[in-house]
Amino acid sequence: MSYGKTIKLTSDNDWSFNTHKSLELINGTDNLVQAVNIILNTFEGEHLFVPNFGTRLQDIIGRKVSDNFIKYTLRSALLKDARIKAVKNISITRNRNVVTAKITLQTTASELVDIRSITQW
């Protein structure tokens, strides 16, 4: 299934270049995984041209909230992506101010995709 094509990003969110110094492109499931990680690491309202893009995690940073509330916040943000049909599972692990989310998505092509995201508060 094609989930679009875009510029591949490095782990530091910089553009990725190949050995010929050309931009690398990413497509398919890898593009979807990259897009989900961008969504999960963008605060809603941070993107000037798409103000509802991202999560509302900024509203809960520093507050004591339940895992269910974090799951709700993540699920709401992910379901805005037209390629995602459902969020099948989210498991949350906490270690001090680091929250790790393991997420299983169902795409509009009925493919299951596993994502691991780490957020530091």
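**Salt bridges and a helix pair**

The side chains of K80 and E44 meet in a salt bridge, 2.6 Å from N to O. This is a predicted model, in which local features need pLDDT of at least 70, side-chain atom pairs count only at pLDDT 80 or more, and totals for chains, interfaces and linings use all residues. Residues are numbered from 1 along each chain as its sequence is written, and side-chain values use heavy atoms, with hydrogens and water left out.

Q: What makes the contact of K80 and E44 a salt bridge?
A: The term needs a side-chain nitrogen of Lys or Arg within 4 Å of a carboxyl oxygen of Asp or Glu. Here N to O is 2.6 Å, so the pair counts. K80 lies in the loop between α2 and β3 and E44 in the loop between α1 and α2, so the pair ties together parts 36 residues apart in sequence.

Q: Why does E44 count as buried?
A: Buried means under 20% relative accessible area, exposed over 50%, partly exposed in between (1.4 Å probe, protein chains only). E44 has 18%, so E44 is buried.

Q: Why does K80 count as partly exposed?
A: Its relative accessibility is 42%, so K80 is partly exposed.

Q: Which residues are linked with E44 in a network of salt bridges?
A: R56 and K80 are. The bridge of E44 and R56 is 2.9 Å, N to O.

Q: Why are α1 and α2 called oblique to each other?
A: Angles under 35 degrees count as roughly parallel, over 145 as roughly antiparallel, 65 to 115 as roughly perpendicular and the rest as oblique. The helices pack at about 125°, so they are oblique.

Technical notes
Axes fitted to C-alpha atoms, helices over the stretch in contact; angles between N-to-C directions. Helix = DSSP H or I, 4+ residues; strand = E, 2+ residues; numbered from the N terminus.
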